[in-house]
Amino acid sequence: QVQLVESGGGLVQAGGSLRLSCAASGRTFIRTYAMGWFRQAPGKEREFVAGISWSGSNTIYAESVKGRFTISRDIAKNTVHLQMNSVKPEDTAVYYCAAGLAIDDTARTGGYDYWGQGTQVTVSS
């Protein structure tokens, strides 16, 4: 099993920045997993935000956050980050970290098996 714990959420003004972190268990096998960030706003379905391949070499983003958010990972520290810049009120949601066993070095939008508990991000207008 893989345990994921998100942190870094909070209140931020529109146009500001926030950095989310995800700590994953299994420091010695984290490279086996593709990682991703999803978000869910009240009354809406959970949606994909960003993904990164096991090596960190490949990334993929939802069109709504492209150019504003950056996903990265530190394999040695077994962590994944989401740097959120130029945030908008519509970015307000609970953000979830996800992990899925990798069979190649592809960043993907789905197919994740493990999920964190989520961290709240609120963007004030």
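The model is predicted, and the protein holds 11 strands and 0 helices. Buried residues account for 45% of its 125 residues.

**Overall fold and dimensions**

- In sequence order, the secondary structure of the protein reads β-β-β-β-β-β-β-β-β-β-β.
- The radius of gyration of the protein is 13 Å, which agrees with the value near 14 Å that a compact globule of 125 residues would have.
- The C-alpha trace of the protein extends over about 40 × 25 × 25 Å along its principal axes.
- Of the contacts in the protein with a separation of 6 or more, 60% join residues 24 or more positions apart.

**Surface and charge**

- The protein has an accessible surface of about 6200 Å², and carbon and sulfur atoms contribute 49% of this surface.

**Nonpolar core**

- The largest nonpolar core comprises 34 residues, and Met35, Trp37, Leu82 and Tyr95 have the most contacts inside it.
- At least two residues of this core come from each of strand S3 (18-24), strand S4 (33-40), S5, strand S7 (69-74), S8, S9 and strand S11 (119-124).
- In soluble globular proteins, nonpolar side chains tend to be buried together.
- Leucine 82 is one of the core residues with the most contacts inside the core; beyond its neighbours within four places in sequence, leucine 82 is in contact with Leu18, Arg19, Leu20, Trp37, Val49, Ala50, Phe69, Thr70, Ile71 and Tyr95.
- Two of these partners of leucine 82, Trp37 and Tyr95, are likewise listed among the residues with the most contacts inside the core.

**Serine 53 and its loop**

- Serine 53 lies in the loop that links strand S5 (47-52) and strand S6 (59-61).
- Serine 53 is classed as buried because its relative accessibility is 0%, under the 20% limit for that class.

**The loop between S8 and S9**

- Asparagine 85 is placed in the loop between strand S8 (79-84) and strand S9 (93-101), and serine 86 belongs to the loop between S8 and S9 as well.
- Asparagine 85 has a relative accessible area of 28% and is therefore partly exposed.
- Leaving out neighbours within four places in sequence, asparagine 85 contacts Gly16, Ser17, Arg68 and Phe69.
- The C-alpha atoms of asparagine 85 and alanine 14 are 9.5 Å apart in space, while the two residues are 71 residues apart in sequence.
- Serine 86 has a relative accessibility of 41%, so this residue counts as partly exposed.

- Most residues other than glycine have a negative phi.
- Serine 86 has a positive phi, near 50°, and is a residue other than glycine.
- Asparagine 78 also has a positive phi in a residue other than glycine, with a value near 60°.
- Asparagine 78 sits in the loop between S7 and S8.
- With a relative accessible area of 3%, asparagine 78 is buried, whereas serine 86, at 41% relative accessibility, is partly exposed.

Notes
Residues are numbered from 1 along each chain as its sequence is written. This is a predicted model: local features need pLDDT of at least 70, side-chain atom pairs count only at pLDDT 80 or more; totals for chains, interfaces and linings use all residues. Side-chain values use heavy atoms; hydrogens and water are left out. Helices (H or I, at least four residues) and strands (E, at least two) are DSSP runs, numbered from the N terminus. Buried means under 20% relative accessible area, exposed over 50%, partly exposed in between (1.4 Å probe, protein chains only). The radius of gyration is taken over C-alpha atoms; the globule rule is 2.2 Å times the number of residues to the power 0.38. Contact means heavy atoms within 4.5 Å. Accessible areas come from the Shrake-Rupley method with a 1.4 Å probe; for residues, only the protein chains shown count as cover. A nonpolar core is a set of buried Ala, Val, Leu, Ile, Met, Phe, Trp, Tyr and Cys residues joined through side-chain atoms within 4.5 Å.
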